[in-house]
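Student: I have a structure open beside its sequence, and I would like to learn how to read its features one at a time. Could we go through it together?

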Amino acid sequence: MRSARFRRTRRAGAITLVSALTLTALAACGTSSSDDGGSEGGSGSSDPAAPLDPKTKVTITIDCMPPTAKAAELKEWKEDVEEFNKTYPNVTIEGRSTPGQCLEPPRFTAMLKAKSQPDVFYTYFTDLPQVLDNDGAEDITAYVNDKTVPLLKDIDPGVLGSLKHEDKLYGLPTSNYTMGLLINRKLFEKAGLDPDTPPRTWEEVRTAAKKIAGLGDGIAGFGEYSAGNTGGWHFTAQMFSIGGEMVDESGKKAAFNDALGKQVAENLHAMRWEDESMGKTQLLQWGDLQKQIATDKLGMFLAAPDDITYMVQQLGADYENFGMGPIPGAKNTLAGGNSYMIKKGISADKVKAAVAWLNFENLTVGKGQFDWARKKSDKLPVGLPQPNFWLNESKKTDDAARVEHATMPVENFKAFMDNPVPGMAEPPKAQEVYKVLDNVMSGLLTNEDADVDKLLSTAEQQVNQVLATQ
């Protein structure tokens with residue numbers, strides 16, 4: 001799925017075909033990456049902590065190169081390869097483009113099992129257990145330091161922690177997100193609400209939802225998912241927002257069947273049936289709420305910032321019509337993101353080349369994906385608070401550049417940016433847990449006589465069975 005398109009809780013989809021496009025700096029270097037991980041030539045340092053020797057001749061394969069349908073993104077990729085080759089003229093970047101979603105669950109799983117992943121492969125933060133179960137990623141701890149990734153100290157340690165297991169680093173981030181409250185500014189104004197101050201508590205959400213639903217014409221005040229694993233995903237986010245947990249410290253037992261879990265469930269049931277502020281159409285999943293809010297039929301729902309880009313680019317909405325605030329409750333929020341990992345078993349020179357490329361493309365303020373001036377000139381969106389993993393001076397510099405080159409009203413996200421909420425990672429076996437909790441959400445939103453205690457108790461038993469198989 002697209003980065004915003006429920007990327008953190010991947011949906012099943014058709015296996016896609018992978019096409020390859022090779023971008024080289026030197027025509028003579030056009031060899032393909034070999035399975036045995038051998039370097040094509042050169043004499044790199046044997047010290048893994050040392051940066052890549054610019055004289056080293058090596059080819060690395062990388063997936064999720066922008067497809068031809070994304071002309072501006074592909075143009076920038078090619079420019080970045082050319083710029084990278086000015087420093088490393090003997091490194092050939094062989095990019096592989098995947099039509100449709102960059103990462104499809106069936107293809108990804110099959111790739112890991114067949115050991116056919118490219119040298120540098122795209123993942124979600126939640127993929128680490130599956131990758132390690134298949135012995136698929138190189139431990140890059142020794143390769144990543146302040147010489148190979150100069151801004152390492154300015155990357156949020158919580159983001160890096162999502163890519164670690166037993167203190168070993170297995171990937172480098174390309175994007176991250178934290179969930180907040182996405183609002184339709186037009187409907188807020190029509191309902192007499194201030195769009196610059198979105199609700200900060202679930203009580204305020206309930207009050208605002210009633211006012212927005214009161215506009216009539218089939219408009220819902222607040223929306224939620226309850227199908228396709230997305231219901232469980234959002235139940236988790238709401239639990240985190242009021243200080244709850246999904247599993248205990250061992251990670252082997254459900255922890256949501258408690259007073260906080262009951263609070264989440266009863267509030268949703270009351271909004272749906274007592275207030276009638278959530279609309280009559282239920283069993284919604286990713287894409288449904290986006291369509292509703294983009295067509296002014298929904299006042300607010302929980303989302304990541306880049307949902308907005310999807311709605312503008314795919315649904316014809318306007319950036320000006322949306323705003324964001326922190327997740328109501330603000331104790332914690334659901335966090336996730338995307339990364340690149342490096343195939344286990346490739347040569348040390350290839351690992352170094354991969355780290356050098358990822359540093360240039362994804363981890364350098366003002367370059368690669370953070371070249372906001374270029375993105376604006378290429379008519380790509382600038383101004384969303386995502387990726388947002390920088391700290392210290394890097395954050396100040398990057399934030400200022402986003403504002404300077406913004407293509408949207410960044411003040412609409414001020415409440416979200418000014419009130420950061422600690423992020424929490426998804427629970428173990430997230431997809432299976434979410435599938436179980438879809439039943440809780442669908443039960444609450446489709447059955448006026450739903451038994452909250454029974455729904456939570458049954459889900460607890462089923463999730464315990466899921467966690468017992470780890």
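Tutor: Let us begin with a term that we shall need for packing: contact means heavy atoms within 4.5 Å. Please also keep in mind that this is a predicted model.

Student: Which helix do the buried residues of H13 pack against?

Tutor: The buried residues of H13 pack against helix H12 (372–377). These buried residues are Ser394, Asp398 and Arg402, where buried means under 20% relative accessible area.

Student: Why do the buried residues of H13 line one face of the helix?

Tutor: The general idea is that an α-helix has 3.6 residues a turn, so residues three or four places apart point the same way. In this structure, the buried residues of H13 fall within an arc of 60° when seen down the helix axis, so they line one face. The face turned away from that buried side carries the exposed residues Glu393, Lys396, Val403 and Glu404.

Student: What span should the 13 residues of helix H13 have at 1.5 Å a residue?

Tutor: Helix H13 (residues 392–404) should span 18 Å, and its end C-alpha atoms are 19 Å apart, which agrees.

Student: Let us turn to the sheet. In what order do the four strands of the open sheet stand?

Tutor: The order is S9-S10-S8-S11, and the pairing in this open sheet is mixed. Strand S9 (220–222) and strand S11 (322–326) stand at the edges with a single partner strand each, so one side of each is left without a neighbour in the sheet. On average, and with direction ignored, neighbouring strands of this sheet are turned by 25° against each other.

Student: Is S10 mostly covered or mostly open?

Tutor: S10 is mostly covered, since six of its six residues are buried. Helix H6 (residues 202–213) packs on the sheet, where it touches S8, S9 and S10, and the direction of H6 makes about 170° with that of S9.

Student: Now for the backbone: what should I expect of phi and of the peptide bond?

Tutor: Most residues other than glycine have a negative phi, and most peptide bonds are trans. Against that background, Asn229 has a positive phi of about 75° although it is not a glycine, and Lys429 likewise has a positive phi, of about 50°. A cis peptide bond, with omega about 0°, joins Gln386 and Pro387, and Pro387 is found in the loop between H12 and H13.

Student: Where do Asn229 and Lys429 lie, and are they buried or exposed?

Tutor: Asn229 has its place in the loop between S9 and helix H7 (230–241), and at 16% relative accessibility Asn229 counts as buried. Lys429 lies in the loop between strand S13 (423–424) and helix H15 (430–446), and Lys429 is partly exposed, with a relative accessible area of 27%.

Notes:
Residues numbered from 1 in each chain as written. Predicted model: local features only at pLDDT ≥ 70, side-chain atom pairs only at ≥ 80, totals over all residues. Heavy atoms only, no water. Pairing = 2+ DSSP bridges. Helix = DSSP H or I, 4+ residues; strand = E, 2+ residues; numbered from the N terminus. Axes fitted to C-alpha atoms, helices over the stretch in contact; angles between N-to-C directions. Expected span 1.5 Å × (residues − 1). Buried < 20%, exposed > 50% of the residue type's maximum accessible area, 1.4 Å probe, protein only. Arc of directions from axis to C-beta.
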